[in-house]
Amino acid sequence: LALALQRVPDANVSWTEVERAAFLEKLRRTRGSLYKAQRARAQAVNLYDIDPYRNAPSALELLDLVLDQWPEASELGIVHLYRAKCLETLGRTEAAFDAMKDSISAQRRRPGIRTSAPYEFAWKVATVPRPDLFAEALAVLNEFPVLESPLPQNIYWVEGARALIMVGDSITTDHISPAGNISLGSPAGKYLTDQAVEQKDFNSY
């Protein structure tokens with residue numbers, strides 16, 4: 001799977017109704033629940049990370065759509081974690097705590113897909129604060145130690161690997177892979193134009 005670097009839009013850009021309608025239409029035409037779920041999740045993460053305060057409602061709408069339509073086809077730990085972020089941004093603290101717990105539960109079911117939910121949950125419990133959740137937060141931290149390796153090192157041995165890109169903490173492939181419409185001036189758009197594909201026939205990333 002080839003990954004292309006995505007230009008992060010200006011932080012003041014929000015998702016317009018026209019863009020929303022176009023995305024939902026392309027989502028409707030996407031084949032396969034796996035791809036639909038991945039596309040919706042990636043767009044939600046992208047929207048939230050660009051401007052959490054402006055885009056949290058739109059991101060939450062897409063994440064709820066994933067849970068409603070394609071719950072088995074998505075990485076639920078990430079979906080629930082970003083739901084928690086959106087809910088927290090919207091001032092719905094109790095619902096955010098529930099979403100973090102859902103993310104932790106999803107991580108228990110699929111331990112190979114790690115998220116920061118256990119640590120963010122514990123941090124929120126300590127800083128809100130929520131004394132009634134202290135014991136649960138400590139139990140979660142004991143269950144998911146910060147220094148625990150996500151890979152069983154006694155099975156896998158990497159040799160001769162080189163870094164393709166070096167980024168800061170909490171950056172995932174959802175941030176790096178393009179999501180949304182292919183613009184005419186982008187490398188992908190120029191390639192399609194060179195192949196005599198009209199812009200109206202462009203799909204999306």
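Biologist: Tryptophan 15, is that buried or exposed?
Modeller: In this predicted model, tryptophan 15 is buried, because its relative accessible area is 13%, and the cut-off for buried is under 20%.

Biologist: And phenylalanine 23, buried or exposed?
Modeller: Phenylalanine 23 is buried as well, with a relative accessible area of 4%.

Biologist: How many aromatic pairs does a search of the whole structure find?
Modeller: The search turns up three aromatic pairs. Among them is the pair of tryptophan 15 and phenylalanine 23, which is edge-to-face, with 5.7 Å centre to centre and 65° between the planes.

Biologist: What do tyrosine 48 and tyrosine 82 form?
Modeller: They form an edge-to-face aromatic pair, at 5.9 Å centre to centre and with 85° between the planes. Tyrosine 48 sits in helix 2 and tyrosine 82 in helix 4 (residues 76–89), 34 residues apart, so the pair links distant parts of the chain. Both tyrosine 48 and tyrosine 82 are buried.

Biologist: Is the crossing left-handed or right-handed?
Modeller: Helix 1 and helix 2 have a right-handed crossing.

Biologist: Which residues meet there?
Modeller: From helix 1, Phe23, Lys26, Leu27, Arg28 and Arg29; from helix 2, Lys36, Arg39, Ala40 and Gln43. By class, this contact of helix 1 with helix 2 has five charged, three nonpolar and one polar residues.

How values were computed: Residues numbered from 1 in each chain as written. Predicted model: local features only at pLDDT ≥ 70, side-chain atom pairs only at ≥ 80, totals over all residues. Heavy atoms only, no water. Left-handed = near helix turned anticlockwise from the far one by under 90°. Helix = DSSP H or I, 4+ residues; strand = E, 2+ residues; numbered from the N terminus. Contact = heavy atoms within 4.5 Å. Nonpolar A, V, L, I, M, F, W, Y, C, P; charged D, E, K, R; others polar. Phe/Tyr/Trp six-rings, centres within 6.5 Å; stacked < 30°, edge-to-face > 60°. Buried < 20%, exposed > 50% of the residue type's maximum accessible area, 1.4 Å probe, protein only.
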